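Here are my notes on this model, written as numbered points. Please have the structure open beside you as you read.

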Amino acid sequence: MTRQFLFLLGSSRSDSNTEMLARKAAEQLPAEVGQRWLSLAEHPLPDFTDLRHDSDHARPTEGSTGLLFDATLAATDIVIASPLYWYSVSAHTKRYLDYWSGWLRTPGVDFKATLAGRNLWGVTVLAHEEQEVADPLVGTLNHSAAYMGMRFGGVLLGNGSKPGDVLNDTEALARAKTFFAQQPPLARFPYES
């Protein structure tokens, strides 16, 4: 399967620092690797309703839900580009991940088996100099990947607050040049050896 990257932009504003850093990393991908960029703010999902134990599940086909469902299934690599909001992913991003719970029960699609073995990556920009404050965001993405049997490439971290600040973070820009070059390991929960 030809690699197809899906970049999901979780910021509430366009041209965010997180998007800028993600685009710097994406510039390094080979030309034959597909890239699809979707803003979760421009394709909002309705509030998630947990229907896991109801019986009438249907494949989403319309609107943002159908678009994001199909784009997720088509991707070999999913990149969550979410700014650090209150020490975790943005509300747009969290809602998208919540939808995975419903998509697990979509008839005719084994969502978990389809994503198993594929790659999940993260990109975030934070205002703190201390990167460990992003640990909850990293944990959210790692644990989501572990549950789904996916590989996790980690999170590319950058620093910035005002628009364009991340372009002054020379260390983050240097890490962006090789971020997608690695083969991500299979994600594991902390309690797994």
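1. Let me begin with helix 1. The buried residues of helix 1 are covered by elements that include strand 1, strand 2, strand 3, strand 4, strand 5 and helix 6 (170–176); contact here means heavy atoms within 4.5 Å. Helices (H or I, at least four residues) and strands (E, at least two) are DSSP runs, numbered from the N terminus.

2. A word on the basis of these notes: this is a predicted model, where local features need pLDDT of at least 70 and side-chain atom pairs count only at pLDDT 80 or more, while totals for chains, interfaces and linings use all residues. Residues are numbered from 1 along each chain as its sequence is written, and side-chain values use heavy atoms, with hydrogens and water left out.

3. How many residues of helix 1 are buried? Seven of the ten are, so helix 1 is largely enclosed by the rest of the structure. Buried means under 20% relative accessible area, exposed over 50%, and partly exposed in between (1.4 Å probe, protein chains only). The buried positions are Asn17, Thr18, Glu19, Leu21, Ala22, Ala25 and Ala26.

4. Five strands form an open sheet in the order 2-1-3-4-5, with parallel pairing; two strands pair if DSSP finds at least two bridges between them. Strand 2 and strand 5 are the edge strands, each pairing on one side only. On average, neighbouring strands are turned by 15 degrees against each other, direction ignored. For the angles, axes are lines fitted to C-alpha atoms, for helices over the stretch in contact, and values run from 0 to 180 degrees between N-to-C directions.

5. At one end of that order, strand 1 and strand 2 (residues 34–39) run parallel and are joined by six bridges. Leucine 9 has serine 39 of strand 2 as its bridge partner. Between these two strands the chain passes through helix 1 (residues 17–26), and this β-α-β crossover is right-handed. The term applies if, with the strands pointing away from the viewer, the path from the first strand over the helix to the second runs clockwise.

6. Serine 39 deserves a look of its own. Is serine 39 buried or exposed? Serine 39 counts as buried because its relative accessibility is 13%. A polar atom of the serine 39 side chain lies 3.3 Å from the backbone nitrogen of alanine 41. A polar contact is a pair of N or O atoms within 3.5 Å; within protein, one must be able to donate a hydrogen and the other to accept it, and residues adjacent in sequence count only if both atoms are side-chain atoms.

7. Moving along the sheet, strand 1 pairs with strand 3 in the parallel sense over five bridges. Phenylalanine 5 has aspartate 77 of strand 3 as its bridge partner, and leucine 6 stands opposite isoleucine 78. Five of the five residues of strand 3 are buried: Asp77, Val79 and Ala81 point one way, Ile78 and Ile80 the other.

8. Strand 3 is also joined to strand 4 by five bridges, and these two run parallel. Aspartate 77 has asparagine 119 of strand 4 as its bridge partner, while valine 79 stands opposite tryptophan 121. Both faces of strand 4 are covered, with Asn119, Trp121, Val123 and Val125 buried on one side and Leu120, Gly122, Thr124 and Leu126 on the other.

9. Strand 4 and strand 5 run parallel, joined by seven bridges, and valine 125 stands opposite glycine 158 in strand 5. Together with helix 5, strand 4 and strand 5 make a right-handed β-α-β unit.

10. Finally, the packing. The largest nonpolar core has 36 residues, and those with the most contacts inside it are Leu8, Ile78, Tyr96, Trp100 and Leu141. Such a core is a set of buried Ala, Val, Leu, Ile, Met, Phe, Trp, Tyr and Cys residues joined through side-chain atoms within 4.5 Å. A second, separate core of 20 residues includes Ala22, Val79, Ala81 and Trp121. Leaving out residues up to four places away in sequence, tyrosine 96 touches Leu8, Leu40, Leu45, Leu68, Thr72, Ile78, Ile80 and Trp103.
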